[in-house]
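Open the model in your viewer and keep the selection tool handy. We'll go stop by stop, picking something and then looking at what is around it.

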Amino acid sequence: MSWRSELQALRDDGFDVLDWLSATEEDDEVVVTACLVRSEDPGSFRLVRSPAPVESVVDMFPSAQWHERETAEMFGVTFEGLNAAPLLLPPDSPAPLRKAQPLPARLSQWPGEVDPAKPRRRQDPPGTPWR
Amino acid sequence: MAMNPRASLELIAENCTSCMLCIRACPVWCLELDAHLEVDESSGRRRSSLALDRFSIDYGTCMMCGLCVDICPFEALEWSSELPPTQFEWRSE
Ligand code: SF4
Ligand code: SF4
């Protein structure tokens, strides 16, 4: 089932509130996740996940607009049919939440780089794949 | 006034083996140490160990998460109720 039809089916089933939508970078793909809630029973929710790109669901859930625009600029993915005008970042800025994007705070020297017991072997800090 | 038992970190320098575990565990990179290798041949066999020269904690960056206290295998870092300085530095004499 496609992303849209999955969300549509849940909506028809009473999951009428789009609670949250964002993405995660997993291996080589960006996976978009949405959380739907039943307004009559806010404790019950469903998660829908699909690799990007996906179609926009703003016509179905108007509250998806903010989340889709934010996810589009933060992860550099497209939502087909969305007017993804920049939301928070200056135009043409790189997608900051992609793992390959250096984190400015992590460009300085890591205090754990050199082990005094083995000074010739250097180690990179965890979570910095751009190094 | 109630004391916060986790107001700062205490280094028990004589326990520290300069193993670097806390330095590498700190998520905000606010710990640093310098150490040198000391070789002892007095017993007839060559034994080397690390001697701690300097240990610093930047409390402007530290978020008091306690990962360094938890990871230290030698109980050389402990919680303390003393209020922290902005920058803590220990140096060997
Ligand atoms: S308490 Fe957390 S932030 Fe502070 S030095 Fe220890 S590991 Fe780093
Ligand atoms: S983990 Fe403990 S023993 Fe190892 S360097 Fe840190 S304070 Fe010293």
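In which loop of chain A does A:R106 lie? Select it: A:R106 sits in the loop between β5 (79–80) and β6 (114–115) of chain A. Helices (H or I, at least four residues) and strands (E, at least two) here are DSSP runs, numbered from the N terminus.

A quick word on the ground rules. This is a predicted model, where local features need pLDDT of at least 70 and side-chain atom pairs count only at pLDDT 80 or more, while totals for chains, interfaces and linings use all residues. Residues are numbered from 1 along each chain as its sequence is written, chains are lettered from A and ligands numbered from 1 in the order in which they are written, and side-chain values use heavy atoms, with hydrogens and water left out.

Stay on A:R106. It is buried yet has no salt bridge, and the nearest side chain of opposite charge, A:E113, is 12 Å away. Buried means under 20% relative accessible area, exposed over 50%, and partly exposed in between (1.4 Å probe, protein chains only). A salt bridge needs a side-chain nitrogen of Lys or Arg within 4 Å of a carboxyl oxygen of Asp or Glu; Lys and Arg count as positive, Asp and Glu as negative, and His and the chain ends are not counted.

Now show the contacts of A:R106 (heavy atoms within 4.5 Å). Beyond its neighbours within four places in sequence, A:R106 meets A:T128, A:W130 and A:R131, plus B:P27, B:V28 and B:W29 from chain B.

Next, select helix α1 (residues 3–12) of chain A, where A:W3, A:L7 and A:L10 are buried. Look down the axis: the buried residues of α1(A) fall within an arc of 60°, so they line one face of the helix. That arc is taken from the directions from the helix axis to the C-beta atoms. These buried residues pack against β1 (17–26), β2 (29–38), β3 (41–51) and β4 (54–55) of chain A. After α1(A) comes A:G14, with a positive phi near 105°.

Over to chain B, which has 2 helices and 5 strands, running β-α-β-β-α-β-β from the N terminus. Its C-alpha trace spans about 55 × 25 × 25 Å along the principal axes, and buried residues make up 35% of its 93 residues.

Finish on B:R47, in strand β3 (residues 47–58) of chain B. At 49% relative accessibility, B:R47 counts as partly exposed. Not counting residues up to four places away in sequence, B:R47 touches B:E38, B:V39 and B:D40.
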